[in-house]
Amino acid sequence: MKLNYLIKRLSTVGRWMATAMFCVSAIAFVWHGAFFSNTSAMAEPAATLMASADAGDQVKSKASEDSGRAKNFIRDTADKVEQTAKKNAAKVDQATDSGSFIERKAKKDAARIEKRAEEDAARTQKAVDNTKNAVERTVDGIKDAFGK
């Protein structure tokens with residue numbers, strides 16, 4: 001009975017020692033990193049600011065390029081929706097007699113789909129423009145804060 005009690009206590013002490021050793025080694029690694037860090041970037045802060053100004057221009061040009069691509073994608077999608085609506089209306093037209101209720105309904109639906117596709121495309125393109133402008137304003141604000 002005493003043997004189990006002793007083993008249990010040794011196990012507990014061993015776990016505490018392992019935890020303490022882990023914490024001490026973690027502190028040592030953090031301490032080592034703080035004293036031997038690379039401080040050469042702090043020596044010339046103007047070079048860093050020049051690089052950030054160039055990075056700001058790159059961000060703005062990338063935002064413009066991506067917004068152009070997104071707007072082209074939106075326009076292509078709207079065109080495909082409109083083409084599909086026209087094709088479906090034409091198929092209904094071919095399948096039914098001239099002037100039937102179903103034909104008129106299909107044409108009205110196609111016109112409504114085309115109208116909504118245009119409205120959605122315009123609204124989405126406006127949102128893309130707003131996002132691009134927000135990115136550019138943010139970059140300009142950051143550049144102004146750091147004195148260009």
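Is Glu65 buried, partly exposed or exposed? Glu65 is partly exposed, at a relative accessible area of 39%; here buried means under 20%, exposed over 50%, and partly exposed in between (1.4 Å probe, protein chains only).

A word before the views: this is a predicted model, in which local features need pLDDT of at least 70, side-chain atom pairs count only at pLDDT 80 or more, and totals for chains, interfaces and linings use all residues. Residues are numbered from 1 along each chain as its sequence is written, and side-chain values use heavy atoms, with hydrogens and water left out.

**View 1. The whole chain is built from four helices and zero strands.** Along the sequence the pattern reads α-α-α-α. Helices (H or I, at least four residues) and strands (E, at least two) are DSSP runs, numbered from the N terminus. Of the 148 residues, 14% count as buried. Among contacts (heavy atoms within 4.5 Å) with a separation of 6 or more, 73% come from residues 24 or more positions apart.

**View 2. Glu65 and Arg69 pair up within helix 3.** Their salt bridge has its closest N and O atoms 2.7 Å apart; the term stands for a side-chain nitrogen of Lys or Arg within 4 Å of a carboxyl oxygen of Asp or Glu. The two residues sit four apart in helix 3 (residues 45-95), about one turn of the helix. By this rule the count comes to nine salt bridges.

**View 3. Arg75 and Glu118 meet in a salt bridge, at 3.2 Å from N to O.** Arg75 belongs to helix 3 and Glu118 to helix 4, so the pair ties together parts that are 43 residues apart in sequence. Arg75 is partly exposed at 25% relative accessibility, and Glu118 is partly exposed too, at 34%.

**View 4. Asp120 and Arg123 form a salt bridge at 2.2 Å, N to O.** They are three residues apart in helix 4, separated by about one helical turn. Asp120 counts as partly exposed at 37% relative accessibility, whereas Arg123 counts as exposed at 54%. Elsewhere, salt bridges that share partners join Lys62, Glu65, Asp66 and Arg69 into one network.

**View 5. Helix 4 spans residues 101-145.** Its 45 residues reach 65 Å from the first C-alpha to the last, close to the expected 66 Å, a span taken as 1.5 Å times one less than the number of residues. Buried residues in helix 4 include Ala106, Ala110, Ala117, Ala121 and Val128.
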